Amino acid sequence: MIALDAVKFNLETVVAGGSLNVRKNATEPIALPEWRRGGSVNFEDSVAAFALAGLEHATMHIAASFSSDEGTLRTAEIRAVDNLIAPPPLVRSRVTSILQRVSTANTEVPVSVRERNVPFHNGATGMVRFELSDPKIDRTRVGLYDCEWQWQYRVPGDPVWRRFAISRHRIYVTLDIPSAPWKQMPYESENTQLLWTDVLDYACSWAAGAQNTVEAATAITKRVNDLAPHLITFDAPGAGSAHYAWSNFDCSAFLERLAGGIGNGMYVNATDCATIVSTFANAIGCDLWQSRMGYGFSTNPAMTIGSKIWQKPALWPGFSYHEVAWENSCSEDDRVYDASMTIDGGLDPTQPPHTAISAAGLPFGHATGHGEISFRTRLAAPAGLYPCQAQPQTRTRRVVI
Amino acid sequence: MPSIPNEHRQYLEERYNVRAWFGKSRYARTPIRQFAAETLHLQGWKRHRMWRESNPPGVGLILRQHDNVLEQIMAITVWECDDVDAAHEYLLFALMQVQSMAIERDRVSEIGDVLFRLNDTFFVFARANIVVLVRNVGSHVLGIAELANTLDLAIMRRLALGPQASLELSVTPAPAAASEAETESLT
């Protein structure tokens, strides 16, 4: 009888190939191999992340180790097939031992881990490299995949594949290696800035299907805005103060909030939203910054996050500053992503009727850009256009804690 | 101490008339050491979470009044700076983290050496070398003026009595008279 002992996804812990160095969150590192017999039961017990840019046309590989209680076994052909899309039919029998061992000779089932010959030495194989070919994993888009694999073997001279193990894995596919604040090195349990899979759970889901960074950042901006009003809302009572990104990004508290807990409470401001959007987008390979504009400017009517009413934000006279997720050098011609408000994309943003547009992927714009659909002309009232200046020297990526 | 970009500092100094208050305190010669805000206990309130700030050192607390966790929740953060100048520099940094142009310095209230507030729902003040931020973080917005005042009195007690002064507080924040904008944002 063969047993699956371990499955390892992150084969190169240096920054190479498409596999990413990940940890679960600020306090929990992820040990390798990711799947271990007895210790890994659910999908989330065995997680791995791949970056599309690192894969390009290369083949995805995993490694697995096996053992056998039949000391005479010299070699076996081993593969894994998808056990969720098309589980191989059970062969019914009154003999339990046969039911357990007989699988199917059908070779048309979707193969997830391509078959190869595996040599056994004294009943063990050590880590053996396999080509990963899971048809469920789209290698062109961002995604999150729960894969259940049925491991099968056959011995020389026997055409019948026999199943011997089930393993479950959660695979994250990102666009590229993560940008700061996320790091890939050093790959050590003390490095809390290694990419968090607790963040990938949301980022890969929110940006699922995205094929480039603009699509991904736009999707994440909209999904963060959609968290209102139940999970977060604009901090009108607290003067629009930062609750999650006061200096560092309290990503742990925000994840607690996303999971329905208290976190740091329900209120957010623009700094919080800019930090959430850029940090989650950068986790999947975008390259955004948190950067400010200002200082001291009046605004057009807008709908702050959580609000359904067009008005000057919280009826205040204006913003001391505003902050967004911003591309490149965070200057006038660079695109911004703002989840903290919905702005007016109509002909005249100063008065009704208002045309709601998401402030995602718009160029920041120039003070003289009358009539253009830039973020600046939509956000700032005509009198506030000049003081609403890009402040690229504030460009930062807050550390996650 | 986090830095404030020059352009933003210029704006803040003018907007909040920093020259009028920076470095001024009756307690400049008696900085508080080891304020131990982690021992702060507010009767009737449960501590949900506590965290430590490092630069400057401080303690943050999330407090909830009932098990209905999303209703009445407050956040209190207390920073202990080296001296009054450092506290006022950090107060300026705190103002840098506030988007609204609606907050003003309160010269009438006796809370802190210098106090900024928004209505009855947001307070940030400095007393001696201590900076205190009190905010609502739950959906049921509370008036927190009395709480801010009680926290300030606790600091004053500490200034007068030293480390033996208790941080056991008794105050009942009441529902705030929410402004139109606040009410709308919560619906």
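Among contacts in chain A between residues at least 6 apart in sequence, 75% join residues at least 24 apart, where two residues are in contact if their C-beta atoms, placed from the backbone, lie within 7 Å. In chain B, residues 24 or more positions apart account for 59% of the contacts with a separation of 6 or more. This is a predicted model, in which local features need pLDDT of at least 70 and side-chain atom pairs count only at pLDDT 80 or more, while totals for chains, interfaces and linings use all residues. Residues are numbered from 1 along each chain as its sequence is written, and chains are lettered from A and ligands numbered from 1 in the order in which they are written.

**Chain A overall**

- Chain A has seven helices and 19 strands; helices (H or I, at least four residues) and strands (E, at least two) are DSSP runs, numbered from the N terminus.
- The C-alpha atoms of chain A fill a box of roughly 85 × 40 × 40 Å along the principal axes.
- Of the 401 residues in chain A, 49% are buried; a residue is buried if 20 or more other C-beta atoms lie within 10 Å of its own, exposed if 12 or fewer, and partly exposed in between, with C-beta atoms placed from the backbone.
- The mean pLDDT of chain A is 91, and 91% of its residues reach 70 or more; pLDDT is the predictor's confidence in each residue, from 0 to 100.
- Over residues 90-107 of chain A pLDDT stays under 50, and the model has 19 contacts beyond four places in sequence for this stretch.

- Six residues of domain 1 of chain A are in contact with five residues of domain 2 of chain A.
- On the domain 1 side of that contact there are four nonpolar, two polar and no charged residues; Ala, Val, Leu, Ile, Met, Phe, Trp, Tyr, Cys and Pro count as nonpolar, Asp, Glu, Lys and Arg as charged, and the others, Gly among them, as polar.
- The largest nonpolar core holds 170 residues, of which A203(A), A216(A), I220(A) and V277(A) touch the most other members; a nonpolar core is a set of buried Ala, Val, Leu, Ile, Met, Phe, Trp, Tyr and Cys residues joined through C-beta atoms within 7 Å.
- Domain 1 and domain 2 of chain A both give residues to this core, so it lies between them.
- Leaving aside neighbours within four places in sequence, A203(A) is in contact with I220(A), F280(A), A283(A) and I284(A).

**Two valines of chain A**

- V324(A) is in strand 16 (residues 319-327) of chain A and is buried, because 32 other C-beta atoms lie within 10 Å.
- Beyond four places in sequence, V324(A) touches A270(A), A274(A), S291(A), V336(A), Y337(A) and D338(A).
- V324(A) and A270(A) are 54 residues apart along the chain, and their C-alpha atoms are separated by 6.5 Å.
- V214(A), in helix 4 (residues 213-225) of chain A, is partly exposed, because 15 other C-beta atoms lie within 10 Å.
- From V214(A) to W310(A) the C-alpha to C-alpha separation is 27 Å, and the two are 96 residues apart in sequence.

**Chain B**

- Chain B has four helices and 11 strands, and 45% of its 187 residues count as buried.
- The 13 residues of helix 2 (residues 84-96) of chain B should span 18 Å at 1.5 Å a residue, and the end C-alpha atoms are 18 Å apart, which agrees; the expected span of a helix is 1.5 Å times one less than its number of residues.
- In helix 2 of chain B, 10 of the 13 residues are buried, among them H88(B), E89(B) and Y90(B).
- These buried residues of helix 2 pack against helix 1, strand 4, strand 6 (114-118), strand 7 (122-127) and strand 8 of chain B.
- The buried residues of helix 3 of chain B include D152(B) and R158(B).
- Helix 3 of chain B is followed by G162(B), whose phi is positive, near 85°.

**Contact between the chains**

- The contact takes 39 residues from chain A and 34 residues from chain B.
- Helix 4 of chain B gives the most to the chain B side, with five residues.
- By class, the chain B side has 17 nonpolar, 10 polar and seven charged residues.

Notes
Domain bounds come from an automatic or database domain assignment.
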